[in-house]
Amino acid sequence: MEIQLWREILSPYDLAVRELVVKFEHLITEYRNQGLYSPIEQVTGRVKTVASILDKAQKKNVTAEEVEEKIMDIAGVRIICQFVEDIQKVVEIIRARTDMEIVSERDYVSHMKDSGYRSYHIIVLYEVQTVNGSRKIHVEIQIRTLAMNFWSTIEHSLQYKYKKNIPEHISEKLTNVANAIISLDNEMSSVRSEIMDAQISSQLRTRLVADILNNIQNLYRVTTKREVQKIQDEFYRIYELNDIDQLRRFGRELDLIAEGYRAQSVETEEV
């Protein structure tokens with residue numbers, strides 16, 4: 001394969017990664033806008049460098065012409081979850097999607113690698129539209145917890161430093177840390193419901209405050225400064241109480257006030 005062709009070859013993979021990251025990020029937004037807990041915490045993506053592709057091809061005895069057919073992780077998307085239970089939920093979300101076709105799955109969460117590596121891998125075919133027509137691209141989706149990702153990031157750096165030959169004493173420490181991470185994930189799972197409730201409550205409060213401040217800002221344009229100041233003072237008083245029910249009630253009352261001014265504005269225009 002000619003060197004100058006690599007940019008052209010990798011361009012559709014870059015497009016696939018960008019689109020999938022946007023789609024999964026939109027899922028996070030949808031969950032949170034509906035006041036629901038999102039099983040996806042973060043999403044990142046990358047396309048392998050040419051050097052990395054060549055290294056893997058050499059290791060697997062794959063010719064340059066066979067790279068796209070036999071190396072399935074040129075495009076990669078990483079989905080980070082807070083809890084182990086969320087991983088299976090994300091897997092189910094991906095299985096239910098119609099914009100990607102699952103090629104294979106590997107569960108390294110239930111079946112940890114000897115190194116201590118844990119993650120859930122799904123290879124999908126994802127269709128992109130390019131100037132040369134549609135292309136189906138292999139993309140590897142990795143799903144793991146924050147703790148698993150921390151371990152994997154450290155291990156990957158050590159693999160790079162030691163050229164895949166990590167000293168035994170360091171490997172032992174990595175194994176110990178991997179076992180500690182399993183305990184950490186299990187401990188986090190034991191308080192999962194409380195954490196989820198707290199996060200949903202925080203998201204609801206943030207959204208309520210944003211709506212209230214938007215209404216107050218709009219009222220500045222249609223009413224007196226004194227009246228808006230009174231509303232603003234009341235908002236600060238309720239906000240300091242840290243009572244979500246009172247904040248919700250104040251928000252509903254403010255909606256009615258704002259609606260009244262909008263109706264008044266329409267009547268004035270008709271006259």
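**Close-up views of a predicted model**

**View 1. Q203 sits in helix 7.** Helices here (H or I, at least four residues) and strands (E, at least two) are DSSP runs, numbered from the N terminus. This is a predicted model, in which local features need pLDDT of at least 70, side-chain atom pairs count only at pLDDT 80 or more, and totals for chains, interfaces and linings use all residues. Residues are numbered from 1 along each chain as its sequence is written, and side-chain values use heavy atoms, with hydrogens and water left out. Q203 has a relative accessible area of 19%, so it counts as buried (under 20%; over 50% is exposed, partly exposed in between; 1.4 Å probe, protein chains only). Skip the neighbours within four places in sequence, and Q203 is in contact (heavy atoms within 4.5 Å) with R32 and L36.

**View 2. Helix 6 (residues 168–190) meets helix 7 (residues 192–219).** Their axes come within 4 Å and cross at roughly 65°. Those axes are lines fitted to C-alpha atoms over the stretch in contact, with angles running from 0 to 180 degrees between N-to-C directions. From helix 6, look for M188, S189 and S190; they meet R192, E194 and I195 of helix 7.

**View 3. Strand 2 (residues 75–81) is largely enclosed by the rest of the structure, because 6 of its 7 residues are buried.** It pairs (at least two DSSP bridges) with strand 1 (residues 42–47) in the antiparallel sense, over 6 bridges. Here A75 of strand 2 is the bridge partner of V47. Strand 2 also pairs with strand 5 (residues 133–145), in the parallel sense over 7 bridges. There, R78 stands opposite Q142 of strand 5.
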